[in-house]
Amino acid sequence: MKILIVEDEQLLANAVKLILESKGFTVDAVYDGITGAEYAQTGVYDLLILDVMMPGMDGFSLAKQLRDRKCATPILMLTAKSEIDDRIQGLNAGADYYLTKPFDTRELLACINALLRRQGGQVDELVFGNTSLELGTGLLVCGNRSVRLSAKEFDVMRFLMQSKEQILPKETILERVWGLDSDAVENNVEVYVGFLRKKLANIGSNIQIVALRRLGYHLEVT
C-alpha cells in the first residue's frame, strides 16, 4: 500500500514516514501544498495524509481541489488545529478523518488501517473472472492450478485486479509500481504485462490483459 504525506514540518513528516515504512507501507513525503497536489493527482496512492497549515496551498484547499477533481483517495487530516469549526471545515473539504497533533502512534496506525479497510485495501485476495490473486502468498490461482509471481509481477497484477475494467495508462502503472523517482520506462510495463499474460494462460485463466492503443491496459473476462 502506498501513502503520501504532505506536511511542511519536515522532521515530523520524515518521522511519520519512517514509522509507516517500518509497518510495510511505501511512503512519499513532500513539504508544501502545491507539490502535494501534483503528487496526489497522479492517482498512485492508497491514502493521503495532509497537514492543514502549509505554504503554497493549505490542506483544506488541497482536499477540496482533489475532491472537485473526482479523486476518491482517502484523506487523513493531521493538524494542530483542534477547534470544532476547523474539524468541520476539514471534513466538509473532503477529509475522511481528522487527527490532531500531538497524536499517539498507535492511534495514527489505527486510523490509517481503518481508512484502508474501508477502501477494501486490507483483504486476503483479489478475485476477477475465474482467477484470484492471494495477497499473502503472491500466488495467482485458477481452480487447482497456481503460479507464484515475482514482486514486480505481483504489484502490476494487483493494480490491474484492483482496477478491473478501468483503463490504466502505462505512466500510471509505472508510477504506482516502480515509483515517481524510478529510472524505469514504459517498456518495463510492457515486459511485465507479457510475463503476466503467459502465466495467466498457463494456469487456464479466463482473464485477458487488454492493451488499448495510446490509452493503456485493463482486464477483461473472455
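Start at Lys164. This residue comes just after helix H6 and takes a positive phi of about 55°. The model is a predicted one.

**Helix H6**

Color the buried positions next. Glu153, Phe154, Val156, Met157, Arg158, Phe159, Leu160, Met161 and Ser163 are buried in H6.

**The antiparallel sheet**

Zoom in on E6 and E7. Strand E7 covers residues 131-134, and four bridges join it to E6. The two strands run antiparallel. Glu125 stands opposite Glu134 in E7. Together E6 and E7 form a hairpin, with two residues between them. Click Gly129 in the turn: its phi is positive, about 60°.

Leu126 and Phe128 make up the covered face. Glu125 and Val127 are on the uncovered one.

**The nonpolar cores**

Select Leu140, Met157, Met161, Ile173, Ile209 and Leu219. These are the residues with the most contacts inside the largest nonpolar core, which has 27 residues. Which elements give two or more residues to this core? They are E6, E8, H6, H7, H8, strand E10 (207-212) and strand E11 (216-221). H6 supplies the largest share, six residues.

Stay with Met161 and show what surrounds it. Neighbours within four places in sequence left aside, Met161 is in contact with Leu126, Val127, Phe128, Thr131, Ser132, Leu133, Leu140, Ile207 and Leu219.

Another core, of 22 residues, lies apart from the largest one. To find it, select Leu4, Leu66, Ile75 and Ala93, which are among its members.

**The aromatic cluster**

Move on to Trp178, Tyr192 and Phe195, which form one aromatic cluster. How many aromatic pairs does the structure hold? There are two.

Take Trp178 and Tyr192 to begin with. Their pair is edge-to-face, at 5.6 Å centre to centre and 65° between the planes. Trp178 lies in helix H7 (residues 170-178) and Tyr192 in helix H8 (residues 186-202), so the pair ties together parts that are 14 residues apart in sequence. Trp178 counts as buried, at 16% relative accessibility.

Then select Tyr192 with Phe195. The ring centres are 5.3 Å apart and the planes stand at 80°, so this pair is edge-to-face. Tyr192 and Phe195 are three residues apart in helix H8, and about one helical turn separates them. Is Phe195 buried or partly exposed? At 36% relative accessibility, Phe195 counts as partly exposed.

**The parallel sheet**

For the last stop, display E1 to E5. Five strands form an open sheet in the order E2-E1-E3-E4-E5, and the pairing is parallel. At the edges are E2 (26-30) and E5 (97-100), each pairing on one side only. From one strand to the next, the twist averages 20°.

Focus on E1 (residues 2-6). Five bridges join E1 to E2, and the two run parallel. Click Ile5: its bridge partner in E2 is Ala29.

Helix H1 (residues 10-22) lies across E1, E2 and strand E3 (47-50), and runs at about 175° to E2. Helix H3 (residues 59-68) packs on the sheet too, touching E1, E3, strand E4 (75-79) and E5. The direction of H3 makes about 175° with that of E4.

Methods
Residues are numbered from 1 along each chain as its sequence is written. This is a predicted model: local features need pLDDT of at least 70, side-chain atom pairs count only at pLDDT 80 or more; totals for chains, interfaces and linings use all residues. Side-chain values use heavy atoms; hydrogens and water are left out. Two strands pair if DSSP finds at least two bridges between them. Buried means under 20% relative accessible area, exposed over 50%, partly exposed in between (1.4 Å probe, protein chains only). Rings of Phe, Tyr and Trp (its six-membered ring) pair if their centres lie within 6.5 Å; planes under 30 degrees apart count as stacked, over 60 as edge-to-face and the rest as tilted. A nonpolar core is a set of buried Ala, Val, Leu, Ile, Met, Phe, Trp, Tyr and Cys residues joined through side-chain atoms within 4.5 Å. Contact means heavy atoms within 4.5 Å. Axes are lines fitted to C-alpha atoms, for helices over the stretch in contact, and angles run from 0 to 180 degrees between N-to-C directions.
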